[in-house]
Amino acid sequence: MGISVNGFARLGTHLVAPIAWMFLAPIAIVVGDGQGLAWPSILALAGSAVVTLALGWLIKRGSGFGISPYTSPESAAVTVLVFTLGPVMLFGGLLVAWLGWARVKLGEDTFAETAAGVLLGILVGGLGWIGLIVFLFS
């Protein structure tokens, strides 16, 4: 009586996205605090997530092409954390991969929408990190 493939996918969609944020924020605070980057990391994390969702909505409204609202903020968060706290945060990419697979498997997003979400998240997360650097050194 194991979990089905669709059950595993639902777990990814409905559990990974909210739970990831419950882990990402404390990691940014705890690790960032040791480096003096706790609040800037949290602001870059939250700002990147909001920007990806807003851009995704604007793109969908303007072109009709949907960008996954699940993979974009998660990818942005992982990108900010990798640049801010180090490569160990790349393990967050596994959560993004699970989430993307789950969205496609369940038919909630297409592969293109999921991939676009990942790319948008990486772009916005990178810009969030640049903003963090500018903020810290200006």
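The largest nonpolar core of this predicted model has eleven residues: Ala44, Leu45, Ala77, Val78, Val80, Leu81, Val82, Leu85, Met89, Val96 and Leu132. Helix α3 supplies the largest share, namely six residues. As a general background, nonpolar side chains in soluble globular proteins tend to be buried together.

Of its 15 residues, 14 are buried, so α3 is largely enclosed by the rest of the structure. From its first C-alpha to its last, α3 reaches 20 Å, which is close to the 21 Å expected at 1.5 Å a residue. After α3 comes Gly86, whose phi is positive, near 115°. Not counting residues up to four places away in sequence, Val80 touches Ser41, Ala44, Leu45, Ser48, Gly125 and Trp129.

The next step is the packing of α3 against another helix. Two packed helices are described by the angle between their axes and the distance between the axes. For helix α3 (residues 71–85) and α4, the angle is about 170° and the axes are 9 Å apart. An angle over 145 degrees counts as roughly antiparallel, and α3 and α4 are therefore roughly antiparallel to each other. On the α3 side, the contact is made by Thr71, Glu74, Ser75 and Val78, and on the α4 side by Gly92, Gly93, Val96, Leu99 and Gly100. By class, this contact has three nonpolar, five polar and one charged residues.

Leaving aside its neighbours within four places in sequence, Val104 is in contact with Asp109, Thr110, Phe111 and Thr114. Val104 and Ala9 are 95 residues apart in sequence, yet their C-alpha atoms are 8.9 Å apart in space.

The last element to consider is helix α5 (residues 111–137). Its 27 residues should span 39 Å at 1.5 Å a residue, and its end C-alpha atoms are 39 Å apart, which agrees. Among the buried residues of α5 are Glu113, Thr114, Ala116, Gly117, Leu120, Gly121 and Val124. Gly125, which Val80 touches, is buried as well.

Methods
Residues numbered from 1 in each chain as written. Predicted model: local features only at pLDDT ≥ 70, side-chain atom pairs only at ≥ 80, totals over all residues. Heavy atoms only, no water. Contact = heavy atoms within 4.5 Å. Axes fitted to C-alpha atoms, helices over the stretch in contact; angles between N-to-C directions. Helix = DSSP H or I, 4+ residues; strand = E, 2+ residues; numbered from the N terminus. Parallel < 35°, antiparallel > 145°, perpendicular 65-115°, else oblique. Nonpolar A, V, L, I, M, F, W, Y, C, P; charged D, E, K, R; others polar. Core = buried A, V, L, I, M, F, W, Y, C linked by side-chain atoms within 4.5 Å. Buried < 20%, exposed > 50% of the residue type's maximum accessible area, 1.4 Å probe, protein only. Expected span 1.5 Å × (residues − 1).
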